[in-house]
Structure formats: C-alpha cells, structure tokens
Amino acid sequence: VSTQSTGTGLLSNEQFIALRTKTKRKPIDSDGTKKKKSSKPLKFDVINDAEMFIDSPHSYYMWKYSPMGIWAWIIGIGVLMGVVAMALVPVWPGQAQIAFQYITNGSGVVVGIFFALLIVRLILFMCVWMLSKGVYHFWLLPNINDDKLGIMETLKPLYTLDNYYLEKERKERRRKRREAQRSAASGSELTGSAGEEVKKNN
C-alpha cells in the first residue's frame, strides 16, 4: 500500500486534516544568496475540501483526535450491565419476565420495520431508475444507513433526487482539481530541490 493511498484514505475517513501555511515562502535569489531563517512559528489554515493526500515536504497534515466523552462511557457501562441482566432472565420475578417479553417483541417489530423500509427504498429507487432510463436516482431517507449521524439527523432529508449526469460532471471536476493539486505539489518539490542545489553550489 502506497503512502498516498493510505493518506487519502485517512483524509476520506476524516482522521487527517489538511493544512495550508498562511505565510508564503520567500523565493531564493538567482545569485544564490542565502536567506536568513525566520524564527517565527508557522501559522496554518485548515483546508476543508482536501480530497487527495499529497506526499510532499511542503504539504502539512494533522491528526484529528476526538476523545471519548462521558456519555460514551455511560452508554458502554449500560450496555455491559444490560447484557449481564439479560443472562439472568430465568431468575427474574414473573412480572419482570413478562415486561422483558414485551420489550423484546417491541424491539423485533422495530427491526422488522427498519428492514421493510430498506426494501421499500430499493423498490422506489429501481422504479424511478427504470422509468428515467438511468438518468435520475431517487433515495428515500438517504442518510438512514450513515452510522456517523444521530437518530434525528438520519431522517433528514426525507428524500433526494439526483441527476446521474450532473453527478458525473461533479466527479470529473473533482478529478481535475486533484490533478491540479498534484501538479502544484510536484512543482513546489522541483522549486525546493532547485534551491537546495543552489545552496550546495555556494
């Protein structure tokens, strides 16, 4: 696995943050005079639309660290205690066992509704796709399978209707932008290597 593919995967998973220096680098003089090193710390801006990892000494990246909150610990302990309690169901009182049976039946109904909704989504998508001859893509509750969103956020928007050819054009523009970033990075590497050669000759 190459460094570029690994870094691109980390960027797409939002584990890396791309940075851009606020101050521009001063070009090296043609006569080879050495510039004084600045003692000021570098300042960065976050690049929100970065999609390609560029393996270059002039590119900067930062790890995105999100520590676990107190609610994550509370939920984890609650799940563990729930598993232990479910293992002790046979020794529960009679009324508690009846209540547990109602809860499990209700959970089964919720899971069944979820899978039925997924089937309905697929049927609607296929109907719109065939009627439009592959031009339009219709999704009911498009974010319902996104595990990064909350319960209420997965219900928004209610539906999406996308034009396949417009989406294809957007992907083409993203590809050209990635190529432009790659060519800019290679140009900066050539400039840096030329400056090092000038320093060595002096």
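**A buried arginine and its surroundings**

The side chain of R121 reaches the backbone oxygen of L141 at 3.4 Å, a polar contact (a pair of N or O atoms within 3.5 Å; within protein, one must be able to donate a hydrogen and the other to accept it, and residues adjacent in sequence count only if both atoms are side-chain atoms). This is a predicted model, in which local features need pLDDT of at least 70, side-chain atom pairs count only at pLDDT 80 or more, and totals for chains, interfaces and linings use all residues. Residues are numbered from 1 along each chain as its sequence is written, and side-chain values use heavy atoms, with hydrogens and water left out.

R121 belongs to helix α3. R121 is buried yet lacks a salt bridge, and the nearest side chain of opposite charge, D162, is 10 Å away. Buried means under 20% relative accessible area, exposed over 50%, and partly exposed in between (1.4 Å probe, protein chains only). A salt bridge puts a side-chain nitrogen of Lys or Arg within 4 Å of a carboxyl oxygen of Asp or Glu; for charge, Lys and Arg count as positive and Asp and Glu as negative, while His and the chain ends are not counted.

L141 counts as buried because its relative accessibility is 9%. Its phi is positive, about 50 degrees, although L141 is not a glycine. Most residues other than glycine have a negative phi, and most peptide bonds are trans. In the loop between β4 and β5 there is also P157, joined to K156 by a cis peptide bond with omega of about -10 degrees.

The loop between α3 and β4 holds S132 and K133. S132 is buried, because its relative accessibility is 16%, and its side chain reaches the backbone oxygen of W129 at 3.5 Å. K133 is exposed, at 74% relative accessibility, and has a positive phi of about 60 degrees although it is not a glycine.

Over the whole chain there are 4 helices and 5 strands, in the order α-β-β-β-α-α-β-β-α from the N terminus. Helices (H or I, at least four residues) and strands (E, at least two) are DSSP runs, numbered from the N terminus. Of the 202 residues, 13% count as buried.

Confidence is given as pLDDT, from 0 to 100 for each residue. The chain has a mean pLDDT of 78, with 82% of residues at 70 or more. Confidence is highest in helix α3 (residues 94-131), at a mean of 92, and lowest in helix α4 (residues 164-201), at 67. Where pLDDT is low, the predicted coordinates should not be read in detail.

Methods: pLDDT = per-residue confidence, 0-100.
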